[in-house]
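Thanks, everyone. Let me put the model on the screen, and then we will walk through it piece by piece.

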Amino acid sequence: MNGISDNFEDAVQKMSSVLAVTGKVLPVTLDDLKLKAELKNGKVIEGESHIPLKALEEKSPIKRVMIDPQDAKALPDALEAILDADAVIIGPGSLYTSILPNLLVKDITKALRKTKAIRIYVSNIMTQPGETDGFSVSDHLKAIYAHTGSGIVDYVVGNVEPLQQELKERYLKENSRVVNFDRKELTKLGVEAIEAYLVKVRKGLVRHDEDYLSRVLAETIMEKKLLYDRK
């Protein structure tokens, strides 16, 4: 968004207008962040796009990710949005290079603990090479909790729709597999697991069925939020 505006927040709003985005798009911070990852072999990688590539090259999974500066300030409007929300949806997206960097802004996580909104994590359908090889749905949540502490997710929505064999084999060639929805492990983590048939295939690629996912989220929010408010 370089060249659109000198201010990142303003640039986001201008891009939202150009793309006719419904609603309001807010960055979590205006600070200039660098993303770093420590691999299990001890090596530290810098740069969002480099992290999964280096993890594959080193044949070493990601141990943790960090942001620099660690004390990045959250955008006040983003905090207000979380605190005023009826529901906060986390994901779907790349676990280590998309989801976690936002949650590592400390005030964002504090707001997620403080809000009265119901907090829903939407799991990825497929594992991502170099990031979540062999991960189940609960492994995704465990990685989030390892970075932020537990208690910022109430419900987890995950896919249980099987893939056609041909599609499975095509993804296996790229070392990507269906993320296993392990309900029992999720229950042990203190969250409510919501199964859904979320697969939509576009041009041979597995994607979330956005219409059905929207319906699942809306129904969950209406049912659970109403129950929460009654309590």
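Start with Lys203, which sits in the loop between strand 8 (199-202) and strand 9 (205-208). A word on the names: helices (H or I, at least four residues) and strands (E, at least two) are DSSP runs, numbered from the N terminus. Now the ground rules. This is a predicted model, where local features need pLDDT of at least 70, side-chain atom pairs count only at pLDDT 80 or more, and totals for chains, interfaces and linings use all residues. Residues are numbered from 1 along each chain as its sequence is written, and side-chain values use heavy atoms, with hydrogens and water left out.

Back to Lys203. Its phi is positive, about 50°, although Lys203 is not a glycine. Lys203 is exposed, with a relative accessible area of 87%. On the terms: buried means under 20% relative accessible area, exposed over 50%, and partly exposed in between, with a 1.4 Å probe and protein chains only.

Lys59 is another non-glycine residue with a positive phi, near 55°. Look for Lys59 in the loop between helix 2 (50-58) and strand 3. Lys59 has 77% relative accessibility, so it counts as exposed.

Next, the cis peptide bonds. One runs from Asp68 to Pro69, with omega near 5°. Pro69 is in the loop between strand 3 (62-68) and helix 3 (76-84). Another runs from Gly91 to Pro92, with omega near -5°. That proline, Pro92, lies in the loop between strand 4 (87-90) and helix 4.

Now the sheets. Two strands pair if DSSP finds at least two bridges between them. In general, strands of a sheet pair through backbone hydrogen bonds, either parallel or antiparallel.

Three strands form it, open, in the order 2-1-3. Strand 2 (44-46) and strand 3 stand at the edges with a single partner strand each, so one side of each has no neighbour in the sheet. From one strand to the next, the twist averages 25°. Angles here run from 0 to 180 degrees between N-to-C directions, and axes are lines fitted to C-alpha atoms, for helices over the stretch in contact. Strand 1 (residues 34-39) and strand 3 are joined by six bridges. Lys36, for example, has Met66 in strand 3 as its bridge partner. Helix 4 lies across strand 1 and strand 3, at about 50° to strand 3. Contact means heavy atoms within 4.5 Å.

Four strands form it, in the order 4-5-6-7. Strand 4 and strand 7 (192-196) are the edge strands, each pairing on one side only. Neighbouring strands are turned by 25° against each other on average, direction ignored. Three bridges join strand 5 to strand 6 (residues 155-159). Ile120 has Tyr155 in strand 6 as its bridge partner.

How many aromatic pairs are there? The count comes to one. The rings of Tyr96 and Phe135 have centres 6.5 Å apart and planes at 70°, so this pair is edge-to-face. The rule: rings of Phe, Tyr and Trp (its six-membered ring) pair if their centres lie within 6.5 Å; planes under 30 degrees apart count as stacked, over 60 as edge-to-face and the rest as tilted. Tyr96 lies in helix 4 (residues 95-103) and Phe135 in the loop between strand 5 (118-122) and helix 6, so the pair ties together parts 39 residues apart in sequence. Both Tyr96 and Phe135 are buried.

Two single residues next. Thr148 is found in helix 6 (residues 137-148). With 13% relative accessibility, Thr148 counts as buried. Beyond its neighbours within four places in sequence, Thr148 is in contact with Leu103, Thr109 and Arg113.

Val178 is in the loop between helix 7 (165-172) and helix 8 (183-188). Its relative accessible area is 30%, so Val178 is partly exposed. Leaving aside neighbours within four places in sequence, Val178 is in contact with Ile125, Met126 and Leu163. Val178 and Val137 are 41 residues apart in sequence and 9.9 Å apart in space, C-alpha to C-alpha.

That is the tour. Questions, please.
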